[in-house]
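Q: Can you walk me through a few spots in this model? Start with whatever term I need.

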Amino acid sequence: MALPVMVKAALPMVPGINQLPGVRKTGRDLPDITRTLAAVSIDAAHVDAYAKICGFEPSENLPLTYIHMLAFPLHMDIMTSAEFPFPAIGTVHLRNRIHQIRPVTPRETLDVTVTATNLRPHAKGKVFDMVATANSAGELVWESTSTYLRLGKGDKDAAPEGAPFEVIPAGPITWKLADNLGRRYGAVSGDMNPIHLWPLTAKALGFKRQIAHGMWTKARSVAAIATRLGDDVTVEVEFKKPVFLPGKVAFGSRVVDGGLDFALTDPKNGAPHLVGRARNT
């Protein structure tokens with residue numbers, strides 16, 4: 001989230017300014033809003049920096065989660081647009097599903113599209129999806145759905161979505177996370193949301209100190225199982241309790257029919273930070 005975008009994201013939180021035309025958020029209907037980046041060239045140095053901070057081994061192909069980096073600016077462009085009904089800051093990333101149809105190399109040029117759609121009730125407010133696609137020479141190679149929650153008046157009768165995830169007990173793998181992880185990942189990803197940066201900025205938004213990015217926790221988990229994933233694979237996760245920085249997390253995975261289940265948990269009490277599944281096609 002570059003600074004100008006961050007400023008746009010913050011304006012709906014400023015009393016007075018948040019009532020101005022083009023800034024005011026209605027909290028009502030969500031029109032289908034689409035943004036596209038055409039002919040995106042991939043920066044090999046950026047891929048290397050991303051792979052390093054997320055724990056991916058060197059490869060001739062992009063990390064499975066990397067194309068989210070190309071789609072994220074479109075997420076933010078949509079959420080900071082005048083027609084979008086909710087403020088970007090305070091919107092919670094609940095789930096993320098990525099389908100890699102085939103591996104993509106850094107030498108390819110991609111057309112990336114993101115659409116905001118499917119506003120619906122949730123027990124804690126309203127949820128909507130950001131659906132992203134990446135095409136290479138007209139071929140669909142990657143797609144994802146990020147589901148976001150806007151807290152508010154919920155619908156207690158709203159049914160849970162999707163098959164439930166199991167919390168996989170931690171194995172011997174633990175990762176110690178530095179207090180600057182959010183700043184380092186933010187510099188690579190462009191997501192400079194204040195909740196990830198410093199204790200002071202996180203406290204201003206209701207957290208006791210800064211938290212790790214949800215998509216970093218997914219990427220780090222995928223990196224841990226990457227050698228066991230096929231070329232055509234779907235990886236979906238739910239984000240549970242935040243990971244406070246600095247901190248320590250434990251990773252566990254289990255082979256199941258068609259793929260793996262995995263979880264990132266608190267090593268002290270087993271509480272889940274992330275639960276997920278990977279299924280090879």
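A: Buried means under 20% relative accessible area, exposed over 50%, and partly exposed in between (1.4 Å probe, protein chains only). This is a predicted model, where local features need pLDDT of at least 70, side-chain atom pairs count only at pLDDT 80 or more, and totals for chains, interfaces and linings use all residues. Residues are numbered from 1 along each chain as its sequence is written, and side-chain values use heavy atoms, with hydrogens and water left out.

Q: Is Leu-274 buried or exposed?
A: Leu-274 is buried, at a relative accessible area of 0%.

Q: Which strand is Leu-274 found in?
A: Strand E10, residues 272-280; strands (E, at least two residues) and helices (H or I, at least four) are DSSP runs, numbered from the N terminus.

Q: What does Leu-274 touch?
A: Not counting residues up to four places away in sequence, the contacts of Leu-274 include Val-237, Phe-239, Phe-262 and Leu-264. Contact means heavy atoms within 4.5 Å.

Q: Switching to helices. Which residues of H4 are buried?
A: Leu-181, Gly-182, Tyr-185, Gly-186, Val-188 and Ser-189. These lie on the same side of H4, because they cover an arc of only 165 degrees around the axis, taken from the directions from the helix axis to the C-beta atoms.

Q: And what do the buried residues of H4 pack against?
A: H2, helix H3 (67-79), strand E6 (173-177) and helix H6 (214-225).

Q: What comes just after H4?
A: Gly-190, which takes a positive phi of about 85 degrees.
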